[in-house]
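Subject: Handover of the structure, with notes

Dear colleague,

I am passing on to you the structure below, together with notes on what turned up in it. Please keep it open beside this message while you read.

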Amino acid sequence: MLKKTVMTLQQAQQRLAKENAKSGETPAQPWLVVSACLAGEKCRYNGGDRLDPAVKALVEQGHAVAMCPEREGGLPTPRQPAHLEGGLGFDVVAGLARVLTRTPPGVTAQDVTRNFRDGAWKTMAKAREINAQAAILKDGSPSCGVHRVTLEGTEVEGRGATAALLAHNGVAVFSEEDWAGENRTHDASVG
Ligand code: SF4
């Protein structure tokens with residue numbers, strides 16, 4: 001099977017610039033998935049958001065749909081923060097690693113793997129529904145992390161469950177920092 005060509009950051013931003021130049025002629029059709037917390041939704045574990053005005057504007061202009069994989073997976077807000085255990089995001093999707101809540105010493109962690117996996121697949125289903133070409137996701141999250149995640153309490157390079165699943169299925173994944181131009185070298189095609 002031929003590997004799908006993944007959009008680069010430059011191509012994604014050029015497409016957006018072209019669509020913005022045509023705005024007023026044709027209504028925007030969404031082709032991006034973004035982390036809901038970046039769009040200003042208060043869906044973080046602590047009940048807050050990580051508003052990025054540029055990302056919020058993409059949703060308001062009709063270019064993007066906002067998804068919170070952890071909420072989609074059935075977790076409440078606020079909720080316990082969580083980290084990966086035994087592997088990175090794609091390992092979670094593949095059933096080879098877990099996601100556990102981060103609890104104080106002496107308190108038993110809760111296994112939230114199924115919520116994270118369900119949320120990743122629901123976000124993937126939305127990406128398919130709109131034929132998403134790219135996603136802008138909150139880095140560092142065990143769901144949305146693009147370059148870094150927390151594995152067993154330590155920050156490491158790698159992707160969260162949703163970012164890994166999207167990338168594995170040919171959606172180019174960028175962090176909010178990539179999108180803002182604080183670009184790091186990375187290969188968006190790696191799942
Ligand atoms: S980083 Fe992802 S999972 Fe976490 S609150 Fe934001 S959208 Fe939801």
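The notes below go through the model part by part.

Please bear in mind throughout that this is a predicted model. The mean pLDDT of the protein is 93, and 93% of its residues reach 70 or more. Over residues 183-191, however, the pLDDT is below 50, and this stretch has 16 contacts in the model beyond near neighbours in sequence.

**The ligand**

The shell around the ligand divides into six nonpolar, three polar and three charged residues. Its members are Ser 35, Ala 36, Cys 37, Cys 43, Arg 44, Cys 68, Pro 69, Glu 70, Lys 138, Ser 141, Ser 143 and Cys 144. One of them, Ser 35, also has a place in the strand pairing, where it stands opposite Met 67 in strand S2.

**Strands S1 and S2**

Strand S1 (residues 32-35) and S2 run parallel and are joined by four bridges. With helix H2 (residues 53-60), S1 and S2 make a right-handed β-α-β unit. In a regular strand the side chains alternate between the two faces of the sheet. In S2 (residues 64-67), Ala 64 and Ala 66 point one way while Val 65 and Met 67 point the other way, and all are buried.

Within the helix of this unit, H2, lies Ala 57, which is partly exposed because 13 other C-beta atoms lie within 10 Å. From C-alpha to C-alpha, Ala 57 and Val 107 are 41 Å apart in space, and they are 50 residues apart in sequence.

**Strands S3 and S4**

S3 (82-85) pairs with strand S4 (residues 98-101) in the antiparallel sense, over four bridges, and the bridge partner of Ala 82 in S4 is Thr 101.

How much of helix H6 is buried? Seven of the eight residues of H6 (residues 161-168) are buried, so the helix is largely enclosed by the rest of the structure. The buried residues in H6 are Ala 161, Thr 162, Ala 163, Ala 164, Leu 165, Leu 166 and Ala 167. What covers them includes helix H3 (69-72), helix H4 (89-93), helix H5 (113-129), strand S5 (134-137) and strand S8 (172-175).

The loop between H6 and S8 holds Asn 169, which counts as partly exposed because 13 other C-beta atoms lie within 10 Å. Asn 169 and Ala 127 are 42 residues apart along the chain, and their C-alpha atoms are separated by 9.7 Å. Just after H6, too, Gly 170 takes a positive phi of about 85 degrees.

**Backbone details**

Most residues other than glycine have a negative phi, and most peptide bonds are trans. Against that background, which residues deserve a look?

- Thr 77 and Pro 78 are joined by a cis peptide bond, with omega about -5 degrees, and Pro 78 is found in the loop between H3 and S3.
- Asn 131, a residue other than glycine, has a positive phi near 55 degrees. Asn 131 lies in the loop between H5 and S5 and counts as exposed because it has 10 C-beta neighbours inside 10 Å.
- Glu 152, which is not a glycine, has a positive phi of about 50 degrees. Glu 152 sits in the loop between strand S6 (148-151) and strand S7 (154-157), and with 11 other C-beta atoms within 10 Å it is exposed.

With best regards

Technical notes
Residues numbered from 1 in each chain as written. Predicted model: local features only at pLDDT ≥ 70, side-chain atom pairs only at ≥ 80, totals over all residues. Near = placed C-beta within 6 Å. Nonpolar A, V, L, I, M, F, W, Y, C, P; charged D, E, K, R; others polar. Buried ≥ 20, exposed ≤ 12 C-beta atoms within 10 Å, placed from the backbone. Helix = DSSP H or I, 4+ residues; strand = E, 2+ residues; numbered from the N terminus. Contact = placed C-beta atoms within 7 Å. pLDDT = per-residue confidence, 0-100. Pairing = 2+ DSSP bridges. Right-handed = clockwise from strand over helix to strand, strands pointing away.
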